[in-house]
Amino acid sequence: MEVIFSVQPLAAVLVVLGGAFLILFTGEHRRNLRETWTILTSLILFSLVVSLTPTILRGGLIEFTLIQLTEGVALQFRVDEFGMYFGLLASGLWILTSFYSIGYVRGLNEHGQTRYFFNFAICIMAAIGIAFSANLLTLFVFYEILTVATYPLVIHKETSEAIMGGRKYLVYTLTAGVVILFAAIWIYSMTGTLDFTPGGFVKGHGTSTTLTLLFFLLIAGFGVKAAIMPLHEWLPTAMVAPTPVSALLHAVAVVKAGVFGCLRVILYVFGPEVLHELDLWLILAYITAFTVITSGLYALAQDNLKRRLAFSTINNLSIIVMGAALITPSAVTGSIFHIGSHGFMKITLFFVAGAIYVKTHKQNISELDGIGRQMPITMGAFAIAAAGVAGTPPVCGFISKWYLALGCLDAKQIVFLFVLLTSAMLDIAYFFPIIFNSFFKKPKDGFVLHFDEAPMMMVIPLSLTAIISVVLGIFPSAIFNFFNLASLAATKIFGGM
Amino acid sequence: MLEFIVGKYNFWIYIILMMIGFYAMIAKNNLVKKIIGMNIFQTSIILFFISIAYKKGGTLPILYHAHAHGEQAYSVAEYINPLPHVLMLTAIVVMVATLGVALAIVIMIYRKYHTLEEDEILKASK
Amino acid sequence: MKFLSLVVTVITGAFLVYGTIDMPAWGDADSPASRHVSPRYIEKTEIETATPNIVTSVLADYRGYDTLGETTVIFTAGMACILLLRRRKRS
Amino acid sequence: MIVEQSPALIVVIPLICALATPIVGLVRKEWCYYWVLLSLLAATVFSIVTMGRVLSDGTIRYFLGNWDPPYGIEYVIDHLNAMMLVLITGISFLVAFHSKESVADEMPGRTVFFYTVFLLQVTGFIGIVITGDVFNLYVFLEIASLAGYALVAIGEDGAPLASFRYIILGTVGACFYLLGVGYLYMVTGSLNMLDLAQLLPELYHSKVILVAFAFFMVGVAVKMALFPLHVWLPDAYTKAPSASSALLAPLMTKVAAYVMIRIMFTIFEPCFSMEMLPVTAVLSWAAVIAIVAGAVMALAQRDLKRMLVYILVSEVGYIALGVGLANRNGLTGSILHILNDACMMMTLFLIVGAIVYKARTRTIADFRFLHRKMPLTMGALVIAGLSVIGIPPTCGFFSKWYLILGAVDAKQWIFAVVLLLSSLLNAVLFFRVIEYAYLEPRAEDAHGHDDEGVIIRMEEAPVTMLLPIYAGVAGIFLFGIYSGEIISTLIQYAVPTCF
């Protein structure tokens, strides 16, 4: 295997860090300059990340050891297919989110914009760091940075509701961090290494009880951010945050970091063999299947659009983890691909929610009747993305669900196939009314019936993400080889079997 | 047993002194009494060190017939151990210094509260 | 509180008594304390420091650095007293 | 030539400069500040030079007055105290740098003597750390203590009483230490640490040694403020002036912890400390209670400085726990935490000093809008707070990493869980402060604009305060990121080989 030692992964992280501080020091008084930094940084970051792709597609790895932290564990970056995939997703979506954010915060004339953009950049830095981490400790370092940097975003509105949401968020995520730390230290004490290896590295260490305990500690730790039930409580509460934050939280950085962590644990720490040996995969699959169904039902009951989207996110995240837990090549491919496809679709949905809010100050679904006539582009994007989440071809959600379904069959677990189908039904059940009502129902008072869209800064990003979702659905590898990366990662993991 | 008790009687005295001082330091209410306890404590330590130095039949550690230009050999058993004495000279000075600072602080307290009883000071400062 | 202090004191005392059991006999010229380092002071002080008073020679020469510390202690105490007790001049 | 003498110069420079400070003050009061800075800078340079020598040539033994060791006094500088020396001189330099305005503000008319005692305090710390002789250590311990009593007593209203209690307990601690020295001397006849280390193994069964060891430990634990002997600390450090507490809080406890490590692992063999007595168990449990009790007490405080002081009690618990675990990772974590905690505590106390100087309050509830008034200071507070919580890549995380690793290695699950739990408690503590300082609660659905409400002008602390604070912040990150380097170049030599 080709391993290239290059400073690029570190550079990617440092670029964002530098950008963040430029934003901080430029400050409130020179808004345009500050926003320039955001855009510039996101573009540089994206091109840096893209420049790494060819090597990875050739099957190589890119490594950079920053500094030795302790025997056998370094602050080390290693870009593999899976990390590359997540890195591309995060950096790519950041560009769109940046444009959208600028439209959003200016549209609402929010307070504390500098703090907002600064923390946003730090979040992305952390997400990139997480993507490129070579070992559990490095991942944990960035994971905790992410936790802390998200806090100011959650409490951004500084209402008492936001503060409570922030506290809840901190309680959940910091406790999770502590749990991960404990498990990581235990594993290090047992094996003397924390390096991610495709197919796992804990095999042959520790008793089965210890391994089971460690597995669930780690899954519980990462599961908090991935909002696996019953650890999901914080996520709907954190919906008080501004919409681009929710978009970032849900589609890209935070929850995906949790899912990314779960997948790293399942596939790169424990690995298929250990999980099969101890039957852990089945337990995890059942837990996540439970979450899939329950969160779908919860979503039905929500009237607040963002809360409904939040439960839909919980639903999809659990599908991803469930796919990984099935540990068959196609299920893992589908699950990894779903990280990206869900990212694009869900960010579209949140962008739409934000656009509606900026334009009409409406948050509840019951108030949205007829809005499709006022904001056709926005609601059109919403329809595409919602269909995609439900798994309708040709939107990209279909591809991931297809592979996941194949994986269920491979694993000879028909139950999970039914879970997938049920969840798709639920998706339709909670999205379809919105689409239908917004276009065909008679609008209530207060709607302008002619065309009146949200600012272009918001409409363009959300249309773009909707378009990307469709393109990915038709040509899964068209954009930066998303699908190739996912299947390559799966191949490597199962290479040993 | 008796030999044990009689043979180490100065250690017993030191322990008793130490206990008296220690008790006064932590239990007395009056600040000056505490300081007195502190001094008793430190004195007991001096007694202890000096006891270590003692040799039966030994004399003060000052050479007699000195300045014989090094030709004379001195018998170690003749002189008591000088080192603990030196240490205690230093310790006494440290003691005095501590006493000084403690008294200075007591004066500060007195200037402010016009009393030296700890409970009254606590009452006044609340 | 007084009772607690008494208990602490008695425990400390009892511990000290316990330690006394293994102590070398009092006044023993052969005890380790008199054998290891101190003989040199007695035997060599005249040659090495030309001072008949052994305590002086140890204080000021062999362990002179302790004495430097000792004077520093006094200086510290003096400075501390001035710092604490000096009343501000009315100006 | 001068490099040869560098160990002595580290002590002598601050000492001589302390003697000269009143004279400098006679000429010009304002010069004292620069004089102190200059001397501490020189001491820092020499301690770095000394550390360089230790790193290249190994342990330095420096015979004072050229008398060979068991007879005279020697300095022994190995990797552990080379690190401590740099730490002490560096931190005291930064604290002195910070103190310019706050000393003039809090102790008008007393600057000259304050700086004299300040330098003597530093001399005391250096003397304790550098010496290789148990009695000499006592002498310098007393210098440091006396200076400390004075530095505390000049503080606010209740300070003299707090200082008086500190004197009583501190003297008990020092006297216990002295008793320990006496008992060791009685059965070995030596005062030199390395000599003692050779003589003692034959005598481990002796009850005298046992008593000596116990008295050493109790005495040092008082100075270190290890639970339950911490009672003097909260009042004393809260009521001391900002400059004093910023010097004492990071260093006094750490120096005492250093002495404890020396006693347990240099003078006595680790096996004695671990096997002959249940010391390690007692120590770890006391530490665990300290960690929890300190954090819980801190929760109850409304005064930022008092909260920090209780956090200090809890941090001392970490250090003691690492020592008590008595394995390689635990002790590594403990020594690393001496370094990290000194850095964090210095930064935090300097920040309190800056807040007191500018905002005239320490009550957390009064911190509203402080992030607009003093954005840089509050930014530093956030970072230092994150480090105390143990968020990577700040240094607090890495010492916790090793400590928990040590606990897991020792299969002491309770300790590991307590360490983790305490991070959460610390998180509650600091996010509470951050909420007060950063958030401006507003009505539901009100979209705040920047010009809404009170207009707060920026009133940042002076540069002399900000520079040391940010040096501390830099330290927090550097010690964190380079913790692996620090361990492989310094700390691993300080851990006994038998671990």
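How many nonpolar, polar and charged residues are in the lining of the second largest cavity? By class, 8 are nonpolar, 3 polar and 1 charged.

## About the model

This is a predicted model, in which local features need pLDDT of at least 70, side-chain atom pairs count only at pLDDT 80 or more, and totals for chains, interfaces and linings use all residues. Residues are numbered from 1 along each chain as its sequence is written, chains are lettered from A and ligands numbered from 1 in the order in which they are written, and side-chain values use heavy atoms, without hydrogens and water.

## Cavities

Searching the whole structure turns up 7 cavities of 30 Å³ or more. On a 1 Å grid over the protein atoms alone, a cavity is a set of points where a 1.4 Å probe fits but cannot get out, and lining residues have an atom within 4 Å of a point. A volume is the space filled by probe spheres set on the points, which are joined across faces, edges and corners.

The largest cavity has a volume of about 90 Å³. Its lining includes F140(A), E144(A) and L174(A) from chain A, and I389(D), K400(D) and L424(D) from chain D. Two or more residues come from each of α5 (136-154) and α6 (160-191) of chain A and α18 (413-438) of chain D; helices are DSSP runs (H or I, at least four residues), numbered from the N terminus. The most comes from α6(A), with 4 residues.

The second largest cavity holds about 70 Å³ of space. Among the residues that line it are F11(B), Y54(B), W26(C), D28(C) and M186(D).

## The second largest pocket

A pocket is an open set with protein on both sides within 12 Å along at least five of seven lines. Of its 42 lining residues, I26(B), M1(C), L169(D), L229(D) and V231(D) lie nearest its centre. The lining divides into 30 nonpolar, 5 polar and 7 charged residues.

## A nonpolar surface patch

On the surface, W402(A), L406(A), L409(A), I414(A), F418(A) and L421(A) form a nonpolar patch with about 590 Å² of accessible area together. Patch members have over 30% relative accessible area and no salt bridge, with nonpolar side chains joined within 5 Å. Both α16 (396-410) and α17 (414-440) of chain A give two or more residues to this patch.

L421(A) lies in helix α17 of chain A. L421(A) counts as partly exposed because its relative accessibility is 49%, where partly exposed lies between buried (under 20%) and exposed (over 50%) with a 1.4 Å probe and protein chains only.

How values were computed
Ala, Val, Leu, Ile, Met, Phe, Trp, Tyr, Cys and Pro count as nonpolar, Asp, Glu, Lys and Arg as charged, and the others, Gly among them, as polar. Patches are made of residues with over 30% relative accessible area and no salt bridge: like charges are joined within 9 Å, nonpolar side chains (Val, Leu, Ile, Met, Phe, Trp, Tyr) within 5 Å. Accessible areas come from the Shrake-Rupley method with a 1.4 Å probe; for residues, only the protein chains shown count as cover. A salt bridge is a side-chain nitrogen of Lys or Arg within 4 Å of a carboxyl oxygen of Asp or Glu.
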